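Hello,

Here is the structure I promised to pass on. Please have a look, then read my notes below.

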Amino acid sequence: MDVLYTRLLDESETSMFFEDMNMVFLKQHQVNFMKIAFDVIPDDLDVAGMMFKAHSKLFSKVLTEKHFDLVAKHLVGSLQRLNVPQELIDEAVVIVGPLRVVFEEGAKKAREEQIAASDAE
């Protein structure tokens with residue numbers, strides 16, 4: 001996690017999302033999520049819903065699928081730096097990739113709410 005979060009904090013387009021965050025808690029939360037994501041996901045676990053809820057406040061800070069792509073890029077780069085075999089990196093991308101839609105939908109919903117709020121004024 002340290003390699004990944006160092007990259008994310010050094011990235012100008014993602015660092016703003018980590019301001020005022022408890023990084024120790026966040027890293028542990030991410031480890032817990034990855035344990036679920038890279039294992040057999042229980043059928044009754046709504047991973048997309050869980051991701052949406054966890055990031056809901058950030059969508060109002062303009063979190064979008066572009067940021068998801070940057071995080072995915074840094075995840076791959078971190079795994080490569082740690083000499084993780086390419087077949088495992090490819091497997092991680094296959095698992096994480098479908099979650100991109102959560103960020104597309106979250107950004108869309110946040111834009112719609114901002115427009116509705118502007119219209120109400």
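**Helix packing and aromatic rings**

H3 passes H6 in a right-handed crossing (the near helix is turned clockwise from the far one by less than a right angle). The model is predicted: local features need pLDDT of at least 70, side-chain atom pairs count only at pLDDT 80 or more, and totals for chains, interfaces and linings use all residues. Numbering starts from 1 along each chain as its sequence is written, and side-chain values use heavy atoms, without hydrogens and water.

The contact (heavy atoms within 4.5 Å) involves Ala 48, Met 51, Phe 52, His 55 and Phe 59 of H3. From H6 come Val 102, Phe 103, Gly 106, Ala 107, Lys 109 and Ala 110.

Now the rings. There are 4 aromatic pairs in the structure (ring centres within 6.5 Å; planes under 30 degrees apart are stacked, over 60 edge-to-face, the rest tilted). Phe 52 and Phe 59 have ring centres 5.5 Å apart and planes at 25 degrees, so they are stacked. Phe 52 is partly exposed at 26% relative accessibility, while Phe 59 is buried at 4% (buried is under 20% relative accessible area, exposed over 50%, partly exposed in between, with a 1.4 Å probe and protein chains only).

Phe 68 and Phe 103 have ring centres 5.2 Å apart and planes at 40 degrees, so this pair is tilted. It links distant parts of the chain: Phe 68 sits in helix H4 (residues 65-81) and Phe 103 in helix H6, 35 residues apart. Both Phe 68 and Phe 103 are buried.

Phe 52, Phe 59, Phe 68 and Phe 103 make up one aromatic cluster.

Best wishes

Notes: Helices (H or I, at least four residues) and strands (E, at least two) are DSSP runs, numbered from the N terminus. Rings of Phe, Tyr and Trp (its six-membered ring) pair if their centres lie within 6.5 Å; planes under 30 degrees apart count as stacked, over 60 as edge-to-face and the rest as tilted.
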